[in-house]
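Work through the exercises below with the model open. Try each task before reading its solution.

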Amino acid sequence: MDEVVLRLKELLFPSIADVAVLSVDVNIEMVRVDARCTADGAACPACGVRSNQVRGSYLRFPADVPSGGRSVVLQLRVRRFACGNSGCARRTFVEQIPGLTRRHSQRTDRLR
């Protein structure tokens, strides 16, 4: 099973690091990809300090490029981190996956 998931990751996100494909659900109209980030932590967008203190997570559903005539929607679990810099105005921030997500975006970078 791990080999199948690895191949799915290579097919769906060939140039994007730190993403794990957990499952793929295909029906007549759409492809839903369940994925999550595998990076050890993330950098605060305000001050740049890296953090690995996870404060929670939630699902995002950004639209992605179509595949085989079907719309593709990611079910992407993202984590909220606490900024470790006591002088930073941001208390928490959400990880972004370079080449895939941007803050507040409802589409992947590939679809943009």
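**Exercise 1. The largest pocket**

Which residues lie nearest the centre of the largest pocket, and how many residues line it?

Solution. First, the ground rules. This is a predicted model: local features need pLDDT of at least 70, side-chain atom pairs count only at pLDDT 80 or more, and totals for chains, interfaces and linings use all residues. Residues are numbered from 1 along each chain as its sequence is written, and side-chain values use heavy atoms, with hydrogens and water left out.

Step 1. Nearest the centre lie F93, V94, E95, Q96 and I97; the lining has 23 residues. A pocket is an open set of points on a 1 Å grid over the protein atoms alone, where a 1.4 Å probe fits, with protein on both sides within 12 Å along at least five of seven lines; lining residues have an atom within 4 Å of a point.

Step 2. The space in this pocket is about 480 Å³. That volume is the space filled by probe spheres set on the points, which are joined across faces, edges and corners.

Step 3. Strands β3 (42-43), β5 and β8 each give at least two lining residues. Strands are DSSP runs (E, at least two residues), numbered from the N terminus.

Step 4. By class, the lining holds twelve nonpolar, four polar and seven charged residues. Asp, Glu, Lys and Arg count as charged; Ala, Val, Leu, Ile, Met, Phe, Trp, Tyr, Cys and Pro as nonpolar; the others, Gly among them, as polar.

**Exercise 2. The salt bridge**

Find which side chains meet in a salt bridge.

Solution. Step 1. The term requires a side-chain nitrogen of Lys or Arg within 4 Å of a carboxyl oxygen of Asp or Glu.

Step 1. The partners are R79 and E95, at 2.8 Å from N to O. R79 sits in strand β7 (residues 70-82) and E95 in the segment after β8 (92-94), so the pair, 16 residues apart, links distant parts of the chain.

Step 2. R79 and E95 are both buried (under 20% relative accessible area; exposed is over 50%, partly exposed in between, with a 1.4 Å probe and protein chains only).

**Exercise 3. R60 and H104**

Is R60 buried or exposed? Is H104 buried or exposed?

Solution. Step 1. R60 belongs to strand β5 (residues 54-60). Its relative accessible area is 10%, so R60 is buried.

Step 1. A polar atom of the R60 side chain lies 2.8 Å from the backbone oxygen of S105.

Step 2. H104 is in the segment after β8. At 68% relative accessible area, H104 is exposed. Its phi is positive, about 65°, although H104 is not a glycine.

Notes
Helices (H or I, at least four residues) and strands (E, at least two) are DSSP runs, numbered from the N terminus. A polar contact is a pair of N or O atoms within 3.5 Å; within protein, one must be able to donate a hydrogen and the other to accept it, and residues adjacent in sequence count only if both atoms are side-chain atoms.
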